[in-house]
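Student: I have a structure open and would like to go through it with you. Can we take it piece by piece?
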Amino acid sequence: MSSHKDVIDDKDLANLAQVRALYAHADPVPVDLTERIKFALTVQALHAEVAELMDSAMLATRGPSAPVEPMPTESVTFSAASVSLMVTANESDIEGRVRVDGWVTAPGASIEAVTSEGSTSVISDANGRFVMDDLPHGPIHFVIMVEPGDETTRPVITPTIQV
Amino acid sequence: MTPTPTAPDGLGTLAGQAFAAYRAGDRERLSSLVDLVTPVLWNAARSQGGTPSMCEDAVQTAFLQLVDRAESINEPAAVLGWLVVVVKREVWRLARGSRREIGVEEVPEAPAQSLDPEAQSILSERQRVLWQHIASLSPRCQELIRVIAFADRPDYAAIAESLGMPVGSIGPTRGRCLQKLRLTLGSDPGWAV
């Protein structure tokens, strides 16, 4: 006969595993919750301004568990008070990778692409253009420093999109 | 009685390690912490009866507060319990709306667990049976069982305490709630494991 003073055994653990499966099935963690939390933490850490997604005909903001959609070829524009960013994603010449062609309203700005693999930075040219041709498919967001090196300007962060 | 197990791979231990590494400057580890503990925090939030959007806000707020107060947290190893306390309090604060702030001591007991009709309709036959048995437990036990189910054996005692249950209510001993679940399932011929 078991007692509540006995040590928790494998049968209890098996019961709990069933309870866990039940709740995980009937009331799952929202698929994009962890991504949204990480985004909020980044914004807080950077004291960043969040850019608004202006048009999203092809690229929707969605969680990383969403199935990979056909590669979007339309541009997406993000807008903040200090800067706007337009990006287009295409298949890269590098097999299985993504190429992003971008334009920011600030020449010499630093654009950091944050992906599941980490982050990559480039500086926009005199016309505000930049290219990144070795990015992974999946969620991506950008952090823009209009005047890199100037600690007093707030970075601008975009919502996460799927490429 | 065996000594309190300190399995190195308990969720609480892993969370404590990730948080300690984050505090020591490894900023990437904050993401690991979010991935590790969001399921248990989501269930701690939902077990209080908050709406999904309220619970999402509560979990997010707990992490933002953690980062804000990272340096003043005395026991990085106890970060899981700390987060559970904040989530539970936050859900109740949001549920009360603008009425008033409530302190930790005032957090009321969780209601009986409920599932939307839609959620109930997707349960398997066996899960339907399990759900009946869960519903036969006291609301307090339902809450405890739901939350610890998303953690590991070494974490049960700390989680129970974070939920406001008496010290020693569970772990390393079975405690009354796990015992009741065991008995009710054991008495059901339809649930022969």
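Student: How many residues does helix 9 of chain B have, and how far does it reach from its first C-alpha to its last?
Tutor: Helix 9 of chain B (residues 175–186) has 12 residues and reaches 16 Å from first C-alpha to last, close to the 16 Å expected at 1.5 Å a residue. The expected span is 1.5 Å times one less than the number of residues. Helices are DSSP runs of H or I with at least four residues, strands are runs of E with at least two, and both are numbered from the N terminus.

Student: What kind of model and numbering is this?
Tutor: The model is predicted: local features need pLDDT of at least 70, side-chain atom pairs count only at pLDDT 80 or more, and totals for chains, interfaces and linings use all residues. Residues are numbered from 1 along each chain as its sequence is written, and chains are lettered from A and ligands numbered from 1 in the order in which they are written.

Student: Back to helix 9 of chain B. Which of its residues are buried?
Tutor: B:Gly175, B:Cys177, B:Leu178, B:Gln179, B:Leu181, B:Arg182 and B:Leu185. Buried is 20 or more other C-beta atoms within 10 Å of the residue's own, exposed is 12 or fewer, and partly exposed is in between, with C-beta atoms placed from the backbone.

Student: What do they pack against?
Tutor: Helix 6 (125–135) and helix 7 (139–148) of chain B, together with helix 1 (10–26) of chain A.

Student: How do helix 1 of chain A and helix 9 of chain B cross?
Tutor: Their axes come within 10 Å and cross at roughly 85°. Axes here are lines fitted to C-alpha atoms, for helices over the stretch in contact, and angles run from 0 to 180 degrees between N-to-C directions. Helix 1 of chain A and helix 9 of chain B are therefore roughly perpendicular, a label that covers 65 to 115 degrees.

Student: Which residues make that contact?
Tutor: A:Lys11, A:Asp12 and A:Asn15 from helix 1 of chain A, and B:Leu178, B:Leu181, B:Arg182 and B:Leu185 from helix 9 of chain B. Contact means C-beta atoms, placed from the backbone, within 7 Å. By class there are three nonpolar, one polar and three charged residues. Ala, Val, Leu, Ile, Met, Phe, Trp, Tyr, Cys and Pro count as nonpolar, Asp, Glu, Lys and Arg as charged, and the others, Gly among them, as polar.

Student: And the whole contact between the chains, how many residues from each?
Tutor: Chain A gives 30 residues and chain B gives 43. On the chain A side, helix 1 and helix 2 (33–46) are the elements that give two or more residues. Helix 1 of chain A has the largest share, 13 residues.

Student: What else is in chain A?
Tutor: Chain A has two helices and 11 strands. Of its 163 residues, 33% are buried.

Student: New topic. Which domains does chain B have?
Tutor: The assignment, automatic or from a database, gives domain 1 (8–106) and domain 2 (114–193) of chain B. Their C-alpha centres lie 22 Å apart. In chain B, 15 residues of domain 1 are in contact with 14 residues of domain 2.

Student: Where does the largest share of the domain 1 side come from?
Tutor: From helix 4 of chain B, with five residues.

Terms used:
Two residues are in contact if their C-beta atoms, placed from the backbone, lie within 7 Å. Angles under 35 degrees count as roughly parallel, over 145 as roughly antiparallel, 65 to 115 as roughly perpendicular and the rest as oblique.
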